[in-house]
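How does one get from a number to a word when reading a protein model? The questions and answers below go through that step with care.

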Amino acid sequence: MGSSILPDLGAEILIPVCAVIGIFFSLAQWLLVSKVKLSPGRDSGSPGNNGAGGKNGYSDYLIEEEEGLNDHNVVIKCAEIQTAISEGATSFLFTEYQYVGIFMVAFAILIFLFLGSVEGFSTKSQPCTYDKSKMCKPALATAIFSTVSFLLGAVTSVVSGFLGMKIATYANARTTLEARKGVGKAFITAFRSGAVMGFLLAANGLLVLYIAINLFKLYYGDDWGGLFEAITGYGLGGSSMALFGRVGGGIYTKAADVGADLVGKVERNIPEDDPRNPAVIADNVGDNVGDIAGMGSDLFGSYAESSCAALVVASISSFGINHELTPMLYPLIISSVGIIVCLITTLFATDFFEIKAVKEIEPSLKRQLIISTVLMTIGIGIVSWVALPSSFTIFNFGDQKAVKNWQLFLCVAVGLWAGLIIGFVTEYYTSNAYSPVQDVADSCRTGAATNVIFGLALGYKSCIIPIFAIAMSIFVSFSFAAMYGIAVAALGMLSTIATGLAIDAYGPISDNAGGIAEMAGMSHRIRERTDALDAAGNTTAAIGKGFAIGSAALVSLALFGAFVSRAAISTVDVLTPKVFIGLLVGAMLPYWFSAMTMKSVGSAALKMVEEVRRQFNTIPGLMEGTAKPDYATCVKISTDASIKEMIPPGALVMLTPLIVGIFFGVETLSGVLAGSLVSGVQ
């Protein structure tokens, strides 16, 4: 079998060091963003002083467009708007986390009861699941440690989302102010802020998981099967919080968006983000809680799940049986190298190339994806060579399958490149530079109905190539390394998560910057610059969602494999009625879930529209701009609606597997899981 080139100590040093580098890099980026001052400094009024800031030009505030006269007021106004957005987002997330916290504790108790009751809460050692000749730790220990790792994952997920939101609301007004100096400066500020979130999330997720494994090892010792089974709770905690963050934030942002646009743009014919519109602050808050906090938790969930799925399969393969630590930690080493690769990639956008014109924005973001993928392929090659033995065996539904290290390299690489393909296809279907979006725009000539039809058709059509990419990566990775191959392919897709998130978070930050420019009454040219940033941002946000969905499909399949292995089901036979019924019900679940969330958005938007209309009709001087709208009421409507409406969809997803498993058995449940996976990805 041979052993790996990298010694165990090397792996134990490499992982935390890379994570800490990631955290320090994100702090450095944050410091650079914070150099843009939001309080009008003493040199902002006198043109003679603008040499003081040196090369970064942080003090050359005065730009001819603002004529220097209202410069002072603009900065103050931007600061005020930023504070309002930040306060709205913070209060929403705190309220959301209070409700989610209750659910989290209840679910943790359920996990403990279910796992502990397996052997009647016994504290005696029991035969191992996969090797009956050995004795393993008692079921009660698994229950306690799984519950702890579930809570750890949940808290890490919540913290990731919250920090992302804080950084985004910190950077939005700074991006607006930088847009006065040119589109390049504004782009760098927005992108750096996105990078802060990306690196913090990737490094935190890795570090917490690594520390948890080492702490659990103190108790489990040589029982690696039990240790990594208990660690799976980390992934579950991450993705269950992501579910609520995504649903709650999504309902919030869409309700505010629809309300603001319907009344403001359609009925009253005022521009988007006009300060006279009462829902405008809620709309900007929504971008942060939905697209940043929700997306952050979401990608963290996939990231934690894929790491845990790979570790569980590895623990019952030759790595775990022979206690080879470095190959065992292969998934974490990939993520560590990913952080370093993304760090180099980020410098290409912020330091090596400067953006001078609007048309360079989107190519620069695409370059990020290509550079990170190419560098990561080299990184994976090196890691597979030094961290894996030349040949080893992987658990494959009861058998051990012989695998070579180059085959595992191909598994990770195919996931990584499939991610790039999905990213580019998504960009093709969502960017205004290509024919699909231009066709949809063209269809507007005959009214809204044809536009909706074209848009829906485009959405359905955009599934085709990504599904083939996912199918291809599943085929290659499963052929080479069974379920472990699929888990590491998902990890490959997420290995450049720091860059992916930076690109993703950049979108809402630019969107907010445009809104602030409009509300602060800045000149038309500045609004044009922020709009250009925002247009690229909308496309990149879609790319981020593409990555999230692609990786989630692979992770779900890997976890499904782990579940089938653990439940000792050798095959899932579609022709047995139990399984087929499960498939049908499972395929229906995404539709039920979508119906719930869409209805929630509809009813929340209805309340929002009524409130905005009421204010326009009853507040004298609002349309003339002499009176201020009541922003707080609109923020409250969105908050209350999303908190109330996020519980049923969340409960549907979390409780269905438990109910089906208890009442209808494991086979039906395997059908439900397979059905919802296939239907949900589309």
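What follows is a set of questions about the words used for this structure, each answered from a value and a definition.

This is a predicted model, in which local features need pLDDT of at least 70 and side-chain atom pairs count only at pLDDT 80 or more, while totals for chains, interfaces and linings use all residues. Residues are numbered from 1 along each chain as its sequence is written, and side-chain values use heavy atoms, with hydrogens and water left out.

Q: Why are H2 and H6 called oblique to each other?
A: Helix H2 (residues 71-116) and helix H6 (residues 280-315) pack at an angle of about 55°, with axes 9 Å apart. Helices are DSSP runs of H or I with at least four residues, strands are runs of E with at least two, and both are numbered from the N terminus. Axes are lines fitted to C-alpha atoms, for helices over the stretch in contact, and the angles between N-to-C directions run from 0 to 180 degrees. Angles under 35 degrees count as roughly parallel, over 145 as roughly antiparallel, 65 to 115 as roughly perpendicular, and the rest as oblique. H2 and H6 are therefore oblique.

Q: What makes up the contact of H2 with H6, by class of residue?
A: On the H2 side the contact includes Ile81, Ala84 and Phe92, and on the H6 side it includes Ile281, Asn284 and Val289, where contact means heavy atoms within 4.5 Å. Ala, Val, Leu, Ile, Met, Phe, Trp, Tyr, Cys and Pro count as nonpolar, Asp, Glu, Lys and Arg as charged, and the others, Gly among them, as polar. By these classes the contact of H2 with H6 has 10 nonpolar, three polar and no charged residues.

Q: Why are H16 and H18 described by the word they are given for their directions?
A: The axes of helix H16 (residues 524-566) and helix H18 (residues 631-681) come within 10 Å and cross at roughly 170°, and H16 and H18 are therefore roughly antiparallel to each other. Among the residues that meet there are Ile549 and Phe560 in H16 and Leu669 and Leu677 in H18. The contact of H16 with H18 divides into 11 nonpolar, two polar and no charged residues.

Q: What makes Asn269 exposed or buried?
A: Buried means under 20% relative accessible area, exposed over 50%, and partly exposed in between, with a 1.4 Å probe and protein chains only. Asn269 has a relative accessible area of 67%, so Asn269 is exposed. Asn269 lies in the loop between helix H5 (224-267) and H6.

Q: Why do His323 and Gly602 get the words they do?
A: His323 has 32% relative accessibility and therefore counts as partly exposed. Gly602 in helix H17 (residues 577-618) has 39% relative accessibility, so Gly602 counts as partly exposed.

Q: How do you know that S3 and S4 pair?
A: Two strands pair if DSSP finds at least two bridges between them. Six bridges join strand S3 (residues 391-396) to strand S4 (residues 399-404), and these strands run antiparallel. Ser391 stands opposite Lys404, and Asn396 has Asp399 as its bridge partner.
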